Amino acid sequence: MPDTPAPPFAVQRLDHVVLRVADLARAIDFYQRVLGCAVARRNEAAGLVHLRAGASMIDLVALDGPIGQQGGAGPAAEGRNVDHFCLRVEPFDEAALLAHLARHDVPCSSHAKPLFGAEGTGPAVYLRDPDGNPVELKGPATADRPGDAPAGGDAP
């Protein structure tokens with residue numbers, strides 16, 4: 001492989017992820033009520049809503065809106081928008097987290113499992129949003145440090 005110069009920048013964190021959704025109102029309700037995200041901005045003409053997720057954003061695009069129509073069919077069992085995205089949460093109280101999801105009738109993994117992420121290996125729980133997009137909720141690292149594991153993360 002030829003020697004290539006390093007890019008003139010360093011990636012800091014996930015800025016945003018964009019999800020195409022079948023029912024914009026239902027998706028907004030889920031991300032607000034279940035995950036505690038807040039609407040930061042709306043672009044009604046584009047069928048786009050930006051949600052604040054800590055230091056990052058989750059953008060929701062209506063499938064029937066101008067942007068959503070460009071992506072073809074929506075997420076389904078045969079195809080998804082993304083494999084998954086991960087939200088780092090604090091505190092990570094497994095019992096409280098699982099009880100919260102159960103109160104909202106959100107199916108999820110039955111217990112946290114240790115997975116490698118940006119901060120190292122820490123507990124994680126998987127769930128799906130109303131459109132079937134997999135979401136990982138991850139707690140603080142309990143082992144490893146970034147760069148300690150081989151390239152490629154753990155998959156759901």
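Reply: R88 has 37% relative accessibility and therefore counts as partly exposed, between the limits of 20% and 50%. The model is a predicted one. R88 takes part in a salt bridge with E90, where the closest N and O atoms are 2.8 Å apart. E90 is exposed, its relative accessible area being 58%. R88 also forms a salt bridge with E119, again with 2.8 Å between the closest N and O atoms. E119 is in the loop between strand 6 (113-117) and strand 7, while R88 belongs to strand 5 (residues 85-88), so this pair ties together parts 31 residues apart in sequence. E119 counts as partly exposed at 40% relative accessibility. Through shared partners, the salt bridges join R88, E90 and E119 into one network.

The structure holds four salt bridges; among them is one between the side chains of D131 and R26, at 3.4 Å from N to O. D131 lies in the loop between strand 7 (120-128) and strand 8 (134-138), and R26 lies in helix 1, so the pair ties together parts that are 105 residues apart in sequence. D131 is buried at 11% relative accessible area, whereas R26 is partly exposed at 36%.

Four strands form an open sheet in the order 1-4-3-2, with mixed pairing. From one strand to the next, the twist averages 25 degrees. Helix 1 (residues 24-33) packs on this sheet and touches strand 1, strand 2, strand 3 and strand 4 (56-62); the direction of helix 1 makes about 160 degrees with that of strand 4.

Notes
Residues numbered from 1 in each chain as written. Predicted model: local features only at pLDDT ≥ 70, side-chain atom pairs only at ≥ 80, totals over all residues. Heavy atoms only, no water. Pairing = 2+ DSSP bridges. Helix = DSSP H or I, 4+ residues; strand = E, 2+ residues; numbered from the N terminus. Axes fitted to C-alpha atoms, helices over the stretch in contact; angles between N-to-C directions. Contact = heavy atoms within 4.5 Å. Buried < 20%, exposed > 50% of the residue type's maximum accessible area, 1.4 Å probe, protein only.
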